[in-house]
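Here is a short briefing on a few loop residues, written for someone who likes to know the cut-offs. Have a look at the structure first, then read on.

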Amino acid sequence: MFLVALTGCQSELEQSVALDVSIIPNENVTTVGDTLVVKKGSPMVFNLVGDPDYLTFFSGERGHQYIYKDRDRVDPNDIESSKLKLSIWYQYGNATTATDLMHMYISDSFPGLLKSNFNADSVTVESHAWKDLVDPTALPQAPGTAAKAVSFEVDLASYLGSRFAIALKYQAKDNSASQPKVYIVDMKIVNTMKDGSTSTLYAGNFGLTPVNMMAHFNLDDQTSLSTNKEYGTVTNNTSGIWNLKDAATGNFFIHSSNTGKALKYSWLVSDLIMANASSPDAGTAVKNITQRLDAYTYTYNQVGTYKATFLATNSNYKAESRTIRELNIKVVE
C-alpha cells in the first residue's frame, strides 16, 4: 500500500504547531503531480499526525475557502452584479390596518445613528431625505401567508464602493383590527463575481438597530421590554417591537398588536454598510483540545478544482501557534 504524504506551506507564526496530513490512494483517489484526483461522491480520508489543540478544515468550496477567512469586502472591479434580495409578508389584521404600513428606504448620505441619544436619533431618521428602496405601493397591502410572500430584488450596482444605510419604517395608521406582524425573509446582499462565483452578506451583518419611537409612551402592551426601551429588541411576544434573533440568516420580524391597542411606530436602521461587503468564509471545526483525531473524512459532491486547507492551532494564555496544510484537489465524474 502506497502512502502519499502532503507537505504544508510555511507556518503563519515563527513557532509553529506540528501537523502532517497524508492520504492513502485507492481506486477512487489517485495522485497526479501535486494534485489529488478524486471521483465525485467518493469519501476522502485524511490521515492526521501532530495532535494540535484545535483543527479547522476549509474544503475550498464556495463559502469555505481559507484565503477568504478574513475577507470583509470584495473588490468592486470583480463584481458582475450586486443585488439586495428579500421577501416580505404580513400576518394578522386586515387590508385596512395593513395599507401603507411599511416603508423601506436607502440613503448614501445618512449620517448614521448615535445609538446613545434617542431624541437626536429619532429626529434624524424622521427628517432625513430617504430614497425608497422599493416602491411602497408594491409592498403587501393586506395580510397573507409565508407561501405568498412578496419578493424583491434591488440593483445595488450604483452603490458599489459607497457606504449607505438601509431603513425600514413600521407605522400603523389604523387599529380597528390587529396591527399586522411583518416578516422580513432571507434579506441579504448577493454579489455575483465575473468568474461566476457569489458572495453573500446577510442582514445580520448590517448592524440593524431599532429606533422604538413609542419608547417614552409607557404602553401597556410593551411593558415586557423593561430595559433599553429606546433601542431594544425582544425574543418574546411584545407588541410593536422588533425580533432580530434570526437576522444572521436574513430573517426577522416586528410583532403585531391587538385590536384597539395604541398605534405602533418603529424604525429599523442599519449601520453604514457597503454593497461589496462580504461575510468571511467559514471552516469546519473538526477537533478541539478535549479530543484526539487521527483521521478526517470529507466528500466532494461537485466536479471542480479546490484548495483544501487544514488550520492547526495550539494556544494558551501566553501565545498562539498556527500552521496550515494545503492540498490541491481535483474532483472528476
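Asn-228 counts as partly exposed, at 47% relative accessibility; here buried means under 20% relative accessible area, exposed over 50% and partly exposed in between, with a 1.4 Å probe and protein chains only. The model is predicted, so local features need pLDDT of at least 70 and side-chain atom pairs count only at pLDDT 80 or more, while totals for chains, interfaces and linings use all residues. Residues are numbered from 1 along each chain as its sequence is written, and side-chain values use heavy atoms, leaving out hydrogens and water.

**Asparagines with positive phi**

- Most residues other than glycine have a negative phi.
- Asn-228, which is not a glycine, has a positive phi of about 50°, and its place is in the loop between β14 and β15.
- Asn-218 has a positive phi too, near 50°, and lies in the loop between β14 (209-212) and β15 (242-243); strands are DSSP runs of E, at least two residues, numbered from the N terminus.
- Asn-218 is exposed, with a relative accessible area of 61%.

**A buried glutamine**

- Gln-179 sits in the loop between β11 (163-171) and β12 (181-193).
- Gln-179 is buried, with a relative accessible area of 0%.
- The Gln-179 side chain reaches the backbone oxygen of Lys-261 at 3.1 Å.
- Leaving aside residues up to four places away in sequence, Gln-179 touches several residues, including Tyr-170, Asp-174, Ser-256, Lys-261 and Leu-263; contact means heavy atoms within 4.5 Å.

Key: Helices (H or I, at least four residues) and strands (E, at least two) are DSSP runs, numbered from the N terminus. A polar contact is a pair of N or O atoms within 3.5 Å; within protein, one must be able to donate a hydrogen and the other to accept it, and residues adjacent in sequence count only if both atoms are side-chain atoms.
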